[in-house]
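Hi there,

Here is the structure I promised to pass on. Please have a look at it first, and then read my notes below.

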Amino acid sequence: MKKGLKKILLITMLLVAVGMMLGASNAAEAKTKTLKTKTIKAGKSVNLKVNGSANWAISNTQVARMTVLSANTAKITGLQPGTTNITAQVGDTSYRATIRVKAGPKSSGGSSSNSVETLSSSPVAGSRDSAYFISTGTEVIGHFDDAYANDIVARTNSYRSSNGASSLGNKSVLTQAARTRAVESAVRFSHTRPNGKSYYTVGGSASSGYKDSPVYGENLAYGYNNASETVTAWIGSASHKENLVRSTFTSIGVGVFWAKQGDGGYVAYIAQEFGS
């Protein structure tokens, strides 16, 4: 476990605003096999499978993420609208598929989204870790710590109570956003996301100017080993403390992600998202 690296970061926003199968051809003379275009939604996955051990390639990692599950199977997960080509080379035969990604389900309306971006992931064999893929296509290895996250929620509400503020409800859509932001923070520790957009875009849509976002404020931290250390650090910062007790906040979501380091150790990245 890494120690000595500890940092906090915050920001407040006031009401912003397929299973497809690639069947190997029975025609021995066909060296290149092009399959018809398949369409999936962003956030959804499709498995591609060929007969034989293949070398896999993807043309556009901004549109989709490819996870090779085995020599003959790969999982394609849509990231954002667009088109990408998948190639599976089996000996002298090249299988090619075009994957078209379209936008995911729209919000049902109201003052906040019912869903936010989800991270595609692939389990790491023999480990509690998974490989998580953020919107830029970057892979991060690690695991979530729900007990740590829940303790932060409890300590935040205890601190609010001692300061005359009402308790915050633990909201699933904010927890989902916080988990995404915790993984992203392991790549770029900033309120600006790795894709260059502001933190609150994780919970809204561009078409609405992100006014449908459920995220109104954010506290970040890394390098702390438990909830007590983390919340104490936020309380010790006037600006972070302001988020902790802000009366206009009514809901909360927390994500704690232990990111695996090059030496085999782990560092905790913590994201606390607030809603009104």
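In these notes, contact means heavy atoms within 4.5 Å. The model is predicted, so local features need pLDDT of at least 70 and side-chain atom pairs count only at pLDDT 80 or more, while totals for chains, interfaces and linings use all residues. Residues are numbered from 1 along each chain as its sequence is written, and side-chain values use heavy atoms, with hydrogens and water left out.

Let me begin with Ser120. Ser120 belongs to strand β10 (residues 120-123); helices (H or I, at least four residues) and strands (E, at least two) are DSSP runs, numbered from the N terminus. With a relative accessibility of 9%, Ser120 counts as buried (buried means under 20% relative accessible area, exposed over 50%, partly exposed in between, with a 1.4 Å probe and protein chains only). Leaving out residues up to four places away in sequence, Ser120 touches Arg65, Thr77, Leu79, Ala131, Tyr132 and Phe133.

Next, the sheets. Two strands pair if DSSP finds at least two bridges between them. β6 and β7 (residues 73-78) run antiparallel and are joined by six bridges, and Ser70 stands opposite Thr73 in β7.

β16 (residues 266-275) is joined to β14 by six bridges, and the two run antiparallel. Ala221 has Ile270 as its bridge partner in β16, and Tyr222 stands opposite Tyr269. β16 is mostly covered too, with 10 of its 10 residues buried. Tyr266, Ala268, Ile270, Gln272 and Phe274 point one way from β16, while Val267, Tyr269, Ala271, Glu273 and Gly275 point the other way.

β15 (residues 251-260) pairs with β16 in the antiparallel sense over 10 bridges, and Trp258 has Ala268 as its bridge partner. β15 and β16 form a hairpin with five residues between them, and Gly264 in the turn has a positive phi of about 95 degrees.

Now the helices. How do α1 and α4 pack? α1 (residues 146-162) and α4 (residues 238-245) meet at an angle of about 85 degrees, with their axes 9 Å apart. That makes α1 roughly perpendicular to α4 (angles under 35 degrees count as roughly parallel, over 145 as roughly antiparallel, 65 to 115 as roughly perpendicular and the rest as oblique). Thr156, Tyr159 and Arg160 in α1 meet Lys241, Asn243, Leu244 and Val245 in α4.

In α4, His240, Asn243 and Leu244 are buried. Seen down the axis, the buried residues of α4 fall within an arc of 105 degrees, so they line one face of the helix; the arc is that of the directions from the helix axis to the C-beta atoms.

Ser162 in α1 is exposed, with a relative accessible area of 56%. Ser162 and Val245 are 83 residues apart in sequence, and their C-alpha atoms are 9.7 Å apart in space. The side chain of Ser162 makes a polar contact with the side chain of Asn163 (3.2 Å). A polar contact is a pair of N or O atoms within 3.5 Å; within protein, one must be able to donate a hydrogen and the other to accept it, and residues adjacent in sequence count only if both atoms are side-chain atoms.

Last, Thr201 is in the loop between α2 (172-185) and β14. Thr201 counts as buried, at 6% relative accessibility, and its side chain makes a polar contact with the side chain of Arg193 (3.0 Å).

Best wishes

How values were computed
Axes are lines fitted to C-alpha atoms, for helices over the stretch in contact, and angles run from 0 to 180 degrees between N-to-C directions.
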